[in-house]
Amino acid sequence: MTTVDEKLTRVHNIFYPESVAIVGATKVPGTVPHDLVMNILRSGFQGGVYPVSPREKYIAGIKCHKYVLDIDDPVDLAVIVFPSSVCHLALEQCGKKGIKSVIIISAGFREIGSNGIEREEQLKTIAKKYGISFIGPNCLGVINTDPNVILDASFARQMPEEGNIAFLSQSGALCTAVLDYARAKHIGFSKFVSFGNKADVSEIDLLYYLGEDPKTHVILLYLEEISNGPGLMKAAEDIIAKTGKPILAIKSGRTEAGASAAASHTGSLAGSDDICDAALKQAGIIRCTTIEEMFNLAIALAYQPLPQNNRVAIITNAGGPGVLTTDASISEGLRLAKFSDATTTILKKSLPLTANIKNPVDIIGDARADRYKVAIAQALADDNVDGVFVILTPQSMTDIETIARAVCDVAGQHQKPVYTSFMGEADVSYGIDILQRNKLPHYILPESMSKAFAQAFSFRQQQKRKKNRPVSFKDVHKAKAQKVLKDAKSSGQNYLPEEEALEILELYNLPVLQRAMVSSAEEAAVAAGDIGFPVVMKIISKDIVHKFDVGGVVLNIQSKNEARQAYQKIMKNVNDNKPQAQIKGILVSKMISDGMEVILGIKRDVAFGPVIMFGIGGIFVEIFKDVTFRVAPLDRVTVQSMIEEVQAYELLKGARGQSAKDVDAIKDCLLRLSRLAVDCQNIKELDINPLIVRNAGEGAYIADAKIMI
Amino acid sequence: MDKAQIQQRIKKVIANVLKINESEIPDDANFIFDLGADSTQSIELVAAFEEEFDIEMDEAKALEVQTVSDAVDFIAGYVE
C-alpha cells in the first residue's frame, strides 16, 4: 500500500526528476509528442532526456529508444504522449522499468465516455500494481521554473517566468491562456500544473505537495468538478493553518441550474454552486469569479506583505482618481488612515502649498518622483497606516518611468503593502512594466486595487481565526434514529411524514412541541384539551409532502369544538384534493406564534456530503432566499457565523425596539442537526420550517419538519 | 486461405505502408506501440488491407484492431 509520504515523493519526482523519458515521441513538428520533447530541451533541463519512439532513430539529435525498457539508465519521470489506445502498454513498461512518476498527456479517456472510462480504469489498475503516481491523462503537462531543475514537460507555447505563485488547472486549454496573460504582466510561477482527468494525482495531492514547496507562496486552482469535497476542504484547512499560504480557486459552472426540483425547501434553496461557494469559504479558500480577479489578488498576496489592518493611505497626482479610489475603498470596507501629527507636519513641509496633505494626499498634477517618494515614505512610516495606494495619471510633465522606479525603491523599504494604479494605457505602459517587473501589484482600475486589498486583509483576519472542534452530544440516540430511518427505507418510503420526522428530531433532543396523533374528531378534541390551547392540526400521510397545498392544516384552534370541526374539515379537504393518499391520522400539537420563524435544513451534497442550512423561514423562504450554508460537522464558531451572515440577523438581535431572540437556542439546534446529519447518512434532505424562536432565554420550538430519505 | 497466408500478406502490407522491413514485424506487434503507426497510417492500413484482400471492412471496427495477430483474425472473418 502506498503511504502519503511515498505519494508525495513521487509527486516531487514529477517536478524534480533527474531524467525524463518522453514515451511516444515523434519528430513531426507541430505535434504534441514532438513539441513536448522540444519544450523539455529548450527549457534548459539539465538531466537526462530519453525520447522513446517505435520508429524514430533520433529526435533533435538525441538517440531514441524503441521501448522505455531499452533505456539502460534509471529514469525518474516518464511523460506518455502515445494515443490513448496504447497508453496502458506504455504505462505497463514504465512500471516494469521501475519508473514511479508519470505524466500522461494523451486525451481519449474519461472525457469521451464509456470506452474512455474503461481505458482510464486500466491505467489506474496498472499504476496501483507498480506503485506509480501519475498526473493526467488528458492534460497539458507540468512546468517547474525552479532554477535547480527548470523543466517544461508540457506542450505550452512559452515557459513562464520564475515566481512564487503555483497554478493548478483541470483545464489544459485554460493553462495556455493563463500563461499568455501572465507573461504580459510579468507574473511568474513556481509550478504550473495541468492535471486533466486527475485519475490518480488529484488537486488534493498537489495542494499538499505545494503546501510544502518552499518556492510556492500562493496557490491558484482552477476546477471544473470537485470529486472529493471533504478532502479538498481538509487539505486547504491543513495548508492554510500550517503554512499560511493562501489558496485561490475558480470553480466553473456557477451558472448551472443547480437547485433541483426538490421536495424540501432546503433542497430547492441549496443549489450545488451555493454549497460549493459556502464550502470553499468555510475551508478558507478564496473563491474568485474570473481569471482577472484571481490574478489581481494573487499578485497582491505573492508580491506584498499582508495588511495588518484596513487603514489605507492614498497618494495621487490627480484629485478625481483620488476620490474614486476613496469611494471604492470605503465600499470594500476599508478605512482611510488618519495621519499622525508628525506625518502631517513633514508632508506640509515637503509638498507645495496647493497640495492636499490630508488623506487622500493629492500631490498635484505636476508632481515628479521626489513628491511621490516623500509622500509614500511618510505614509508608510506612519503607525496609523496599514497600506498605501499609489495613483498616477499622465500629465505633460509627469515623468512616468522615473516615478515608477521611485515607487519601487521606496515601497521596498517598508514591511507594509504598496499597491499601484497608473491610470491610462499607452503613455503609462512603460511605467507599468517597471512596476510589474519589480513585483509591485498594479491595477488599471482603482476599484480592482481596493478589492484586492480588502481580500488580502480578509485573508489576514481569517489566518488569525482558530479552528474549533465539532460539538458532540451525549443526549442523542444515534442507533435508534438510524433504525427508524432504516426501517422506513426498507418499507419503501422516500419521505418521512411530520410525525416520524419529529420522532427522529426528538431522538436528537431537538425542541419538539407536545403533540398527539388522533384518528377521530372526538380524539382530536380530547388531545387538544390535554395539550392546551391554541393548537394546530395537520394531516399526516406519507403521500402528502406539502400539507398546506391540500388544505391539510388548520391553525390557531382555540376550543374543543373548533378541534372537532378542524378534524372534519381537514379530512374533507384531503379527500377532495388527494383522494388516493393513505392517511395515518391527524397530528394535534401545541401552537406557538409569538416568535420569529427561521428555517434549518440538511441537504446531502454529492461533492461535499451533509450540508446544513440556516435562514429566515416560513412560507416565503424561497422568495427571500435569506439563507446560508455550511458543511457538517459544525463547530460553535461556524454556527455563530452562519447566524450572523443572514440579513435578518439584525431582527434576531432585536431591531427597532423589539426584543432580542433566543439565538443560543438556534445555535444548539444547528449543532444538534449537524450531529444528526453526520450520524444518519441516509437522510437526503431535511427541513425544520419553521423553527419558532422566542425571546432570549425562552427557547425555540419546531413547528413543522419533514425528512427525505 | 489459411491464417499463415493471411499473416504473411498482412505483414507485406504493413511493411509497405509503414515503410519498414517485414522481418521487423513480430506476429503480435501493436501497430502504434511497436510499429509507430500514426492515426493517418492506421487509416491507410485499413484501406491497404481492403485492397490486398479485395474486401470491404467495417471501418470503425477495423480501426479498433490494434495488433497484427488481431488483424489476422479480423481479416480471416472476411476472406473465409
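This is a predicted model: local features need pLDDT of at least 70, side-chain atom pairs count only at pLDDT 80 or more; totals for chains, interfaces and linings use all residues.
Local features need pLDDT of at least 70, side-chain atom pairs count only at pLDDT 80 or more, and totals for chains, interfaces and linings use all residues. Residues are numbered from 1 along each chain as its sequence is written, chains are lettered from A in the order in which they are written, and side-chain values use heavy atoms, with hydrogens and water left out.

Me: How many residues of strand β24 of chain A are buried?
Reply: Strands here are DSSP runs of E with at least two residues, and helices are runs of H or I with at least four, numbered from the N terminus. Buried means under 20% relative accessible area, with a 1.4 Å probe and protein chains only. Strand β24(A), residues 585–590, is mostly covered, the buried count being five of six.

Me: Which residue of β24(A) stands opposite A:I539?
Reply: Two strands pair if DSSP finds at least two bridges between them. Strand β22(A), residues 535–540, runs antiparallel to β24(A) and is joined to it by six bridges. Within β24(A), the residue opposite A:I539 is A:I586.

Me: What is the radius of gyration of chain B?
Reply: Chain B has four helices and zero strands. The radius, taken over C-alpha atoms, is set against a globule rule of 2.2 Å times the number of residues to the power 0.38. That rule gives 12 Å for 80 residues, so chain B is as compact as a globular protein of that length, with a close value of 11 Å.

Me: What percentage of the residues of chain B count as buried?
Reply: The C-alpha trace of chain B spans about 30 × 25 × 20 Å along its principal axes. Of its 80 residues, the buried share is 44%.

Definitions and conventions. Buried means under 20% relative accessible area, exposed over 50%, partly exposed in between (1.4 Å probe, protein chains only).
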